[in-house]
Amino acid sequence: MQTRLPEPGADERAHSDHLLQLLREQIASHGPMPFAQYMERCLYAPGLGYYSAGRTKFGEAGDFVTAPELGELFAGCVVNAVQPVLAMLGEQADFLELGGGSGAFAESALKALAAAGSLPRNYLILEPSADLRERQRERLLANLPAELNARVQWLDRPPEQDWRGVLFANEVIDALPATRFSMRDGEVFEEHVVLDGEGRLKRTDRPADALVSGAVRHVERDLGAEFADGYRSEILPQLPYWVQAVAGSLVAGLMLFVDYGYVRREFYLPERDDGTLMAHYRHHAHNDPLYLPGLNDLTASVDFTALAEAGNSAGFGVAAYLPQAQFLIGAGLQQVFEDAHEKAPDEHARYRLSQQVKRLMLPDQMGERFQAMLLARGLEALPLPAELLAADQGGRL
């Protein structure tokens, strides 16, 4: 697999080697490392992890393209969907974006919110990466007027005081450190990372602790069947605690998660017996998470049934669940596209808008692979677009 991947430069390889040495030292000192901990180190180790180091991640020059990177259409639809909630909550409402990426979504969303007359009191960005935070700040300062920039605040941790408004997360859940489990003789095992005799990383299985084993048994009960011997997949036993941590203080408002994934019975299909874990390096997807640690984005698809359960346990109800294509249509994509098309300065810009629609909507692109889930709490009514509610597929959860 690696032979088909682009070769890293000397600086990149040195960066990866630095993280690799840190991982070796930790494993040598503390023993086998649970895969979730390995994934957390690879993505978020200060100064060395994929999201906390300085290389370009997003867009054509990076390793992958997210919906906001394609242009303003996605953000325009998100704003259409949530701005009635912001308007209902009034001038004390805030908008919180988890993981701001390149800042592309914040830029487009603030422009759309201003145009709709629904600017939140604050536009909050919870961004753990100092490098990405600085890139976001530079982008917004360069592309937004001062009165919009004045509303933007960066957070180191979720709000501790009660607040009202909208929480938005695009491709965030897939980057939470995933636990890898497997079944052997009817027992649950957890995947770990260890060192071989020559100091190289390799994966091995160890008996799962009570938290992981309990989470797997819950899924089995919900599916009404036990996993077959040899079955391997991912699970997020920490998801309920994570949702409570990021949204526990949201006393009235809406959460919108957009990510790639499945309902539980599709996530854990018998034939999907090696899970969904993928590594992304310079627009190449591969399945070796031990290759060049720190240089790859490691992701696992989302079990949206688990996300609904986590939302319920935090006091939220599922307001709608539907594929991204249906969400965008219900949130007024046609009007957003027509408005942008009319304002486009030339034929090239209009062509790019058409390409955006294809990437966002086609089933083999983002339209069906990505799902949208809206969860609400503390609202007297749910002022979502009628077309969006009509397309709800929450019964599949």
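Which side chain makes a polar contact with the side chain of Gln83? Let's find the residue in the structure and see. This is a predicted model, and every value below was computed from it.

## Starting at Gln83

Gln83 belongs to helix H4, which covers residues 73-89. Its side chain makes a polar contact with the side chain of Ser118, at a distance of 2.7 Å. Is Gln83 buried or partly exposed? With a relative accessibility of 21%, Gln83 counts as partly exposed, because the cut-off for buried is under 20%. Gln83 and Asn170 are 87 residues apart along the chain, and their C-alpha atoms are separated by 17 Å.

Next, find helix H5 (residues 104-116) and helix H6 (residues 130-143). Two packed helices are described by the angle between their axes and the distance between the axes. Here the axes of H5 and H6 come within 9 Å and cross at roughly 35°. The crossing of H5 past H6 is right-handed.

Which residues of H5 meet H6? On the H5 side they are Ala104, Ala106, Glu107 and Lys111, and on the H6 side Arg139, Leu140 and Asn143.

Keep Glu107 and Lys111 in view, as they also form a pair with each other. Their side chains meet in a salt bridge, with 3.1 Å from N to O. Both residues lie in H5, four residues apart, which is about one turn of the helix. Glu107 is buried, with a relative accessible area of 11%, whereas Lys111 is partly exposed at 40%.

## Salt bridges

How many salt bridges are there by the rule used here? The count comes to 23 salt bridges.

| Salt bridge | N to O distance |
|---|---|
| Arg41 and Glu40 | 2.7 Å |
| Lys111 and Glu107 | 3.1 Å |
| Arg232 and Glu191 | 2.9 Å |

Take Arg41 and Glu40 to begin with. Arg41 is partly exposed, with a relative accessible area of 22%. Glu40 is partly exposed as well, with a relative accessible area of 27%.

Now turn to the salt bridge between the side chains of Arg232 and Glu191. This pair links distant parts of the chain: Arg232 sits in strand E9 (residues 232-235) and Glu191 in strand E7 (residues 187-195), 41 residues apart. Are these two residues buried or exposed? Arg232 counts as buried at 19% relative accessibility, and Glu191 counts as buried at 3%. The pair is also part of a network: salt bridges that share partners join Arg180, Glu191, Arg203, Asp205, Arg232, Glu234 and Asp274.

Strands of a sheet pair through backbone hydrogen bonds, either parallel or antiparallel. In this model, three strands form an open sheet in the order E12-E11-E13, and their pairing is antiparallel. Why is one side of E12 and of E13 left without a neighbour in the sheet? Strand E12 (284-286) and strand E13 (297-299) stand at the edges and have a single partner strand each, so one side of each has no neighbour there. On average, neighbouring strands of the sheet are turned by 25° against each other, direction ignored.

Look at the pairing between E11 (residues 278-281) and E12, which runs over three bridges in the antiparallel sense. Within it, His280 stands opposite Ala285 in E12.

On strand E13 you can find Asp297. Asp297 is buried, with a relative accessible area of 4%. The side chains of Asp297 and Tyr51 are joined by a polar contact of 2.9 Å.

Finally, visit Thr276, which is placed in the loop between helix H10 (264-267) and E11. Thr276 is buried, with a relative accessible area of 10%. A polar atom of its side chain lies 2.9 Å from the backbone nitrogen of Ser301.

Which residues is Thr276 in contact with, leaving aside its neighbours within four places in sequence? They are Glu234, Tyr262, Phe267, Thr299, Ala300 and Ser301.

Notes
Residues are numbered from 1 along each chain as its sequence is written. This is a predicted model: local features need pLDDT of at least 70, side-chain atom pairs count only at pLDDT 80 or more; totals for chains, interfaces and linings use all residues. Side-chain values use heavy atoms; hydrogens and water are left out. Two strands pair if DSSP finds at least two bridges between them. Helices (H or I, at least four residues) and strands (E, at least two) are DSSP runs, numbered from the N terminus. Axes are lines fitted to C-alpha atoms, for helices over the stretch in contact, and angles run from 0 to 180 degrees between N-to-C directions. Buried means under 20% relative accessible area, exposed over 50%, partly exposed in between (1.4 Å probe, protein chains only). A polar contact is a pair of N or O atoms within 3.5 Å; within protein, one must be able to donate a hydrogen and the other to accept it, and residues adjacent in sequence count only if both atoms are side-chain atoms. A salt bridge is a side-chain nitrogen of Lys or Arg within 4 Å of a carboxyl oxygen of Asp or Glu. A crossing is left-handed if the near helix is turned anticlockwise from the far one by less than a right angle, and right-handed if clockwise. Contact means heavy atoms within 4.5 Å.
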